[in-house]
Amino acid sequence: MNIRTLLTAAAVSLLSLAGPAHADGLSALDSFLREVDSARADFTQVVTSPKKSGEAAPRQRTSTGRFEFLRPDRFRFVYAKPFEQTIVADGQRLWLHDVDLNQVSVRAQKDALGSTPAALIASGGDLSALRAAFDFKALPEKDGLQWVEALPKARDGQLQRVRIGLRGNQLAVLEIVDGLGQRSELTFKGWQASPGLKPGDFRFEPPVGADVIRN
């Protein structure tokens, strides 16, 4: 399963948070879950595959796009470059639209999230709501960021770990490593907290003529 699928499983995150000054990463993450109800940001995602025998360096792929979410259960990733793709959670279903293939896949959202990075985005409340799926620990501050590591309790091999880097009241970096050692790093900029999003903004209609696959 690739990194983009994991983000959705989705597909991817966190964002701004209002943690107390000098709080460790766990306190900051808990404040984010309690206090941030919606946000929007641009992202750059770099996926690095494990180096294979005979390769001079690991392979990398870079994508850019926009991300937004509305708690407790709606989010959207819009990949713009190099390939157009949209991932939408509307509260009931998870949609994945591949523009080049003119193909849409859809599945029940409750079955798609679980112990994925997307669960960190969609969840509301506090850390206790996520401890059934993840083990959390605060990591040392590095590069001016507060860090938290989330390890999935499900040992199905799809996801090894997620690391979340926070700067002040913003999500700065999200690192994801899958079961095959593929690493994805998302960096966020242009953060807009509470941008006035509504549930209807996450409605998705498959384009006319698209091949719709229901799982």
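1. Let's start at the N-terminal end of helix 2, which is capped by aspartate 24: one of its side-chain oxygens sits 3.1 Å from the backbone nitrogen of leucine 26. Before going on, a word on what you are looking at. This is a predicted model, in which local features need pLDDT of at least 70 and side-chain atom pairs count only at pLDDT 80 or more, while totals for chains, interfaces and linings use all residues. Residues are numbered from 1 along each chain as its sequence is written, and side-chain values use heavy atoms, with hydrogens and water left out.

2. The overall inventory: the protein chain has four helices and 12 strands. Helices (H or I, at least four residues) and strands (E, at least two) are DSSP runs, numbered from the N terminus. Of the chain's 215 residues, 47% count as buried. Here buried means under 20% relative accessible area, exposed means over 50%, and partly exposed is in between (1.4 Å probe, protein chains only). The chain exposes about 10400 Å², with carbon and sulfur atoms supplying 48% of that; areas come from the Shrake-Rupley method with a 1.4 Å probe, and for residues only the protein chains shown count as cover.

3. Two strands pair if DSSP finds at least two bridges between them. Strands 7 and 8 (residues 145–152) do it in the antiparallel sense, over seven bridges.

4. Salt bridges next. The whole structure has 10 of them, a salt bridge being a side-chain nitrogen of Lys or Arg within 4 Å of a carboxyl oxygen of Asp or Glu. Arginine 40 and glutamate 68 make one, with their closest N and O atoms 2.9 Å apart. That pair links distant parts of the chain, 28 residues apart: arginine 40 is in strand 1 (residues 38–48) and glutamate 68 in strand 2. Arginine 40 counts as buried because its relative accessibility is 18%, and glutamate 68 does so at 11%. Arg40, Glu68 and Arg76 are linked in a salt-bridge network.

5. Arginine 183 is also worth a look. Its side chain meets that of glutamate 175 in a salt bridge (3.2 Å, N to O), and there is a salt bridge between arginine 183 and glutamate 185 at 3.0 Å, N to O. How accessible is arginine 183? Its relative accessibility is 31%, so arginine 183 counts as partly exposed. Glutamate 185 is partly exposed too, at 25%, while glutamate 175 is buried at 15%.

6. Glutamine 182 is in the loop between strand 10 (170–178) and strand 11 (183–193). With 11% relative accessibility, glutamine 182 counts as buried. Its side chain makes a polar contact with the side chain of serine 49 (3.3 Å). A polar contact is a pair of N or O atoms within 3.5 Å; within protein, one must be able to donate a hydrogen and the other to accept it, and residues adjacent in sequence count only if both atoms are side-chain atoms.

7. Last, some backbone details to check in the loops. The peptide bond from arginine 71 to proline 72 is cis, with omega near 10°, and proline 72 lies between strand 2 and strand 3 (74–81). Lysine 81 and proline 82 are also joined by a cis bond, omega about 0°. Asparagine 102, in the loop between strands 5 and 6, has a positive phi near 50° without being a glycine. Aspartate 143, in the loop between strands 7 and 8, likewise has a positive phi, about 55°; at 63% relative accessible area, aspartate 143 is exposed.
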